[in-house]
Amino acid sequence: MRSVFWFKVFAHAFSWLPITWLVYAGFSGGLGGDPQTKLMHELGWWGLVFLLLSLSITPLRRLSGVYLLIKFRRMLGLYSFFYLCVHILTYFAFYLEFRWSELGKEIIERPYITLGFLAWLLMIPLAITSTKSFQRRLGRKWAALHKLVYTIAALGLVHYIWQSKSDLNEPLIYVAWGILLMLLRVKKWRRFLFWRQDPSHLEQLKKGS
Amino acid sequence: MRLKFDKKVLEKESQVTPEEIFWNRRRFINNFALAGTAGLITGFPGMVQSQSNVIVGEELRDELSSEFVITHHNNFYEFSTDKKKPSEMAKSFKPGNDWQVKIEGEVNKPGTYTLEDILKHMQVEERIYRLRCVEAWSMVVPWNGFQLSQLLDWVQPTSKAKFVEFKTLHDPKIFPGQKRGIFGSHTLPWPYSEGLTIQEANNPLALLATGVYGKSLPGQNGAPLRLVVPWKYGFKSIKSIVSIRFTETQPECTWNKRLPNEYGFYANVNPEVDHPRWSQATERRITDNSFFGVKRIPTLMFNGYGEQVAHLYKNLDLKRYY
């Protein structure tokens, strides 16, 4: 358990690194000619990466057998939400200069913003119900609710591709990552991979026999 | 023969401005540029012109963008789609006066000319222009260059020449961005090409730039020769030109070919015609690279150069021909 604690400390430190660096670089001229836009894009990118990392935890623990990885799933998901909140805040502050009416207009008129905003909205209930007590209280419903994360990831990826102008090489890396994660949710695809059962599940099987 | 042009509008100077004057950008602009451009944009609704020739509330509009942002915020996909990377990647790209430009097509004096040959016949001057990117950011850039019409006068397009097509160097060794990406796709169909009507090319505002901020063009800004058409979105202002072809029919333009519903052949700056994905009514004026060196300002029709170019489009539906 001690090692998990230190891994968590390390994971938190790692998660704060991008935003710390971005703020520092922003004020020291390290973000190029248009630091506001660069900051906004980078925050969005990290939001997506944290989300995909969080989604990768389940398949990774099955593949590796390191079941303690589950301890990091919620944390990565919440960091994704955090980065996306700041991403939207920078957009609202620097692009719209806090004009609410324009925010509404942009969300309605620009489909890629509509999708991105929808993805963020859908994340709110997941963030709120991410606590242990909610997990307990909601039971089966919790798992069903949190399947939304796949919809959110898909929306985020479409938002990312749609805003890019012509070069799809980089966005396609994340699309491939996302598609792989979704395929792993499908049972018959899992058979092609070295797939371990959850140990708790194995114990149940033993008891049953 | 050449059209007479309002000296103030072009911000002409007989000599290249020394760096010390650039250093104090605001003062420089007050001395030279604002006085001229104030006259240029009168008639724009909401713009108040004060007695002192300084536009109230619009001080930032024509303040020069810093040399740093002009040379470190570049859309030059031949290097990278990132805006900062070209400044790093172009360090070894320093073409000289032996750079070759092909003059081809419907023209009386076709041939391959070195930049040195061309410059012998051209009069290089300084011009301060607004640059409005289709991505809704903008800058004010002090270019050095010669009027495109001078080149046309020299090479003599035939009467059949209705359009001019420009091409950028295609060399993936110099421009890694021209290589295929990891999924085998090109970011754009190379080589980059752009075009103008012959009337547009003859407009006195159209410039072939060889320098910026009184220095020769850095690689990332399109060394050693690039087009500058300030009333059009930035992507029309093609960089590192190796070919100028005069044609009878409208040439293929890279962005227009790639995404025809988003980027038109004309691509005139127009606050009333939105890009399908974002508004063109305003722009983010980048002045320097400090975190708050950007200010949102309204976009002007033809980027504020209507007086000089609006007549070119009198019978054109600008909503349809964006």
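This is a predicted model: local features need pLDDT of at least 70, side-chain atom pairs count only at pLDDT 80 or more; totals for chains, interfaces and linings use all residues.
Start with helix α2 of chain A, residues 35-64. The helix bends by about 35° at Ile57(A). A proline, Pro59(A), follows within four residues of that point. Of the 30 residues of α2(A), 22 are buried, so the helix is largely enclosed by the rest of the structure. Just after α2(A) comes Gly65(A), with a positive phi of about 80°.

Helix α2 of chain A also holds a charged pair. Lys38(A) and Glu42(A) lie 4 residues apart, about one turn of the helix. Residues three or four places apart in an α-helix point the same way, because there are 3.6 residues a turn. The side chains of Lys38(A) and Glu42(A) form a salt bridge at 3.7 Å, N to O. Lys38(A) is partly exposed, at 25% relative accessible area. Glu42(A) is partly exposed too, at 23%.

The whole structure has 21 salt bridges over all chains. One of them joins Arg110(A) to Glu109(A) at 3.5 Å, N to O. Here Arg110(A) is buried, at 3% relative accessibility, whereas Glu109(A) is partly exposed, at 41%.

Arg277(B) and Glu262(B) meet in a salt bridge of 2.7 Å, N to O. Both residues lie in the loop between α9 (254-258) and β11 (282-286) of chain B, so the pair ties together parts that are 15 residues apart in sequence. Arg277(B) is buried, at 5% relative accessible area. Glu262(B) is buried as well, at 12%.

Finally, salt bridges that share partners link Glu97(A), Arg99(A), Glu102(A) and Arg296(B) into one network.

Technical notes
Residues are numbered from 1 along each chain as its sequence is written. Chains are lettered from A and ligands numbered from 1 in the order in which they are written. Side-chain values use heavy atoms; hydrogens and water are left out. The bend at a residue is the angle between axes fitted to the seven residues ending there and the seven starting there. Helices (H or I, at least four residues) and strands (E, at least two) are DSSP runs, numbered from the N terminus. Buried means under 20% relative accessible area, exposed over 50%, partly exposed in between (1.4 Å probe, protein chains only). A salt bridge is a side-chain nitrogen of Lys or Arg within 4 Å of a carboxyl oxygen of Asp or Glu.
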